[in-house]
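Hi,

Here is the structure I promised to pass on to you. Please have a look at it first, and then read my notes below.

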Amino acid sequence: MKFIIDTDPGTDDAVAILIALAHFTDDELLALTTVSGNVNVDVGTRNALRILEHSNRNNIPVYKGEATPLSRDLLTAEWVHGTDGLNGVEFPEPSKSEEPLGAVDYITHLLQKNSQEKITICVLGPMTNIGKVLIQNPELAENIEKIIFMGGGAGFGNHTPVAEFNVLVDPEAAKIVLNSGVKLVMMGLDVTHQAISTKERLNKILETGTVTGQHIVGLMSSLAELDVVKEKFPDGTPVHDAFVTAYLVDNTLTTGELTNVEVEVDSDLTLGQTVVDTNHISGRNKNVFWMNKVDDNKLFEIIKNTASKI
Ligand code: BDR
Ligand code: CA
């Protein structure tokens, strides 16, 4: 398998990237591409480089992506992830810079070049980069093995009553991806809210005795301490983006069903809502494998193994 991670790091993005680094080689994980979302793309790109530096994997290239959504003002979430995007967790200064090529051009060239071997794309943030690639070259959809994305939810949101953050930031990009014909796997709030970083799980990660373990616990704890998170999840925090890369490690992590998913791009009230046809009543094209159940112990086992491997 060959894959890239498109990300807006981000505390849970950092956990997801570490999972990938612990379980896949440089021949498999080809690059990190960044996008504005949780933080501005400049801050997020630096974080991607910091995470690679910590993991002694800075030979993996980082390509900086889009600074703003396709047709809207940027919405960020520093109030969740801190102004540094990693809530003060001490990843080292990067000794390398991002590549000169932009993420959209890199992904385009990669998909053109690898037409024999299809590429999997893990999307952990707003879909701006991928949306732009597919607007410019819709035929490249055929060279994507699948897109596994963290985003959306069936009937509820986390940034508005009905919209999840990644989809809300760039609903037009999400619409392009949902209608692209690419095989899509959706890790939405439906599954991410089912796996919580309890104290017991954090302790098991700390027992690995590694700096990576401390960092992962630091990243998760910083979210668990937010008032809004505490109110809904008194025992810990969901680790949204980790689902995407943990699923690459073990695809029995989640189960779900193929159904239609569309996104609202017009309404002020429900902007960014993913409309998931949970009862299969729309008659519309079944475009997404929508995940709705998770083996939560498995997720935290993968995270613990990550801590011991880096
Ligand atoms: C998603 O939004 C971001 O804040 C997280 O990194 C995750 O990708 C959860 O809604
Ligand atoms: Ca993210």
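Among contacts in the protein chain between residues at least 6 apart in sequence, those joining residues at least 24 apart make up 83%. Please keep in mind that this is a predicted model. With 310 residues, a compact globule would have a radius of gyration near 19 Å, and the 18 Å of the protein chain agrees with that. Its C-alpha trace spans about 50 × 45 × 35 Å along the principal axes, and 52% of the 310 residues count as buried.

On to the secondary structure. The protein chain has 13 helices and 10 strands. Eight strands make up an open sheet with mixed pairing, in the order S3-S2-S1-S4-S5-S6-S10-S7. At its edges are strand S3 (62-63) and strand S7 (254-259), each of which pairs on one side only. Inside that order, S6 and S10 run parallel and are joined by three bridges. Valine 185 stands opposite phenylalanine 289 in S10.

Helix H7 (residues 171-178) is mostly covered, with six of its eight residues buried: Pro171, Ala173, Ala174, Ile176, Val177 and Leu178. What covers these buried residues includes helix H5 (128-136) and H6, along with strands S5 (144-150), S6 (184-187), S8 (261-263) and S10 (288-294).

Helix H9 (residues 199-206) has Arg201, Leu202 and Ile205 as its buried residues. Seen down the axis of H9, they fall within an arc of 100°, so they line one face of the helix. The face turned away from that buried side carries the exposed residues Lys199, Glu200 and Asn203. Helix H10 (211-224) and helix H13 (296-309) are among the elements that cover the buried residues of H9.

Best wishes

Conventions. Residues are numbered from 1 along each chain as its sequence is written. Chains are lettered from A and ligands numbered from 1 in the order in which they are written. This is a predicted model: local features need pLDDT of at least 70, side-chain atom pairs count only at pLDDT 80 or more; totals for chains, interfaces and linings use all residues. A residue is buried if 20 or more other C-beta atoms lie within 10 Å of its own, exposed if 12 or fewer, and partly exposed in between; C-beta atoms are placed from the backbone. Helices (H or I, at least four residues) and strands (E, at least two) are DSSP runs, numbered from the N terminus. Two residues are in contact if their C-beta atoms, placed from the backbone, lie within 7 Å. The radius of gyration is taken over C-alpha atoms; the globule rule is 2.2 Å times the number of residues to the power 0.38. The arc is that of the directions from the helix axis to the C-beta atoms. Two strands pair if DSSP finds at least two bridges between them.
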